[in-house]
Amino acid sequence: MKSGDVMVVLNLASVALCLIVAGLAIRHREISASKPVAALLLLTASWSLTEALILAVPDPTFKFKVLFFRYALVTFIPLVWVLVTQAVTGSARLERRDWLGLSSFAVALAALCQTNHWHGLILANVRLEANRQYPSFEYGTLFAVFAVYGYGLLVYGAIQLWRARQASGGSRRVELNLWLLCVAVPTVVDLVSFTPLFNAIEGKLTPVSLALSTALAGWGLVRQQIFRVEPVALEKAFESMRDGVLMIDRQGRVARINAAAKAFTLLGARERARGLAQFDTLGVATAQRAQVHARHRQHPTFVAQQRPQHVGRDQ
């Protein structure tokens, strides 16, 4: 059996594995990281599927089209990876303008990859050599931009995971170790694939290694959360407290707020995201406090909710 046929089998097995774990993640929507993890698994499955199609279909024109689409698809994996690391670690989210910039850049790169047959800026001199199942090519002028973008986001996510790991222990540290392994193994495999060691292998092992490590980390996340009762119990206790509780992150934004605090402060989603810089020490806007007093004057029977007594800072 040729190496290309072996790679087809491995990639199809990776597709099946990713779809199974993604289904488990989607099924347990109560897990905060389930959606980005499922998205990462689906993208990885699509990458493996394109690799299998390139190797299995003999038509050179079809191979080239799928190859360009494969690079366009891979453009979004680092972006989703950042979403996964933020959901897993609970770290501060990027600002909307940052996400808009990154998403626009990813779309532009994907468009360049998809239209590569016109300009050859990402991949140059794409061809199918004799007795080969996978196309050969040289890297184009803008491939360095593609690589820096991808590896930069991967490193950023890995740093977030490492910081969370250093501050954690027990089963939480094991979970974060799995996610660090998820980024380390495919990155090493991808870097080694640029060396002559992989010349004899048809295709790339990167999607297979990413599928295996991501599926393992995703399964670890789902399995740990399924059998843990503490997060659900703590969430119920937090929401049912009669005292108002605000949890503030390092940027001064309201990270968590329970029902009692919402009823007293009247803070909406925009106000909570804006931060406490515009609010007084109790987290109540002056204008909104005036609304409460006006309501109290109009309806003397109105009783304000108990004021928040615990203001914490999210570490």
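A surface patch is made of residues with over 30% relative accessible area and no salt bridge, and nonpolar side chains are joined into one patch within 5 Å. In this predicted model, L12, L49, L53 and F62 form a nonpolar patch of this kind, and together they hold about 300 Å² of accessible area. L49, one of these residues, is found in helix 2, which covers residues 34-56. Its relative accessible area is 37%, so L49 is classed as partly exposed, a class that lies between the cut-offs of 20% and 50%.

The protein as a whole has 13 helices and five strands. Of its 315 residues, 43% count as buried. The accessible surface comes to about 17,200 Å², and carbon and sulfur atoms account for 63% of that area. Among contacts between residues at least 6 apart in sequence, 62% join residues that are at least 24 apart.

Helix 3 consists of 15 residues, 60-74. The buried residues of helix 3 are K63, V66, L67, F68, R70, Y71, A72, L73 and V74. In general, an α-helix has 3.6 residues a turn, so residues three or four places apart point the same way.

The loop between helix 3 and helix 4 contains T75. With a relative accessibility of 1%, T75 counts as buried, because the cut-off for burial is 20%. When neighbours within four places in sequence are left aside, T75 is in contact with A106, L109, A110, C113, F146 and Y149.

Helix 4 covers residues 77-89 and includes I77. I77 has a relative accessible area of 7% and is therefore buried. Not counting residues up to four places away in sequence, I77 touches L40, L43, W47 and L210. The C-alpha atom of I77 is separated by 9.2 Å from that of L154, although the two residues are 77 places apart along the chain.

Definitions and conventions. Residues are numbered from 1 along each chain as its sequence is written. This is a predicted model: local features need pLDDT of at least 70, side-chain atom pairs count only at pLDDT 80 or more; totals for chains, interfaces and linings use all residues. Side-chain values use heavy atoms; hydrogens and water are left out. Patches are made of residues with over 30% relative accessible area and no salt bridge: like charges are joined within 9 Å, nonpolar side chains (Val, Leu, Ile, Met, Phe, Trp, Tyr) within 5 Å. Accessible areas come from the Shrake-Rupley method with a 1.4 Å probe; for residues, only the protein chains shown count as cover. A salt bridge is a side-chain nitrogen of Lys or Arg within 4 Å of a carboxyl oxygen of Asp or Glu. Helices (H or I, at least four residues) and strands (E, at least two) are DSSP runs, numbered from the N terminus. Buried means under 20% relative accessible area, exposed over 50%, partly exposed in between (1.4 Å probe, protein chains only). Contact means heavy atoms within 4.5 Å. The expected span of a helix is 1.5 Å times one less than its number of residues.
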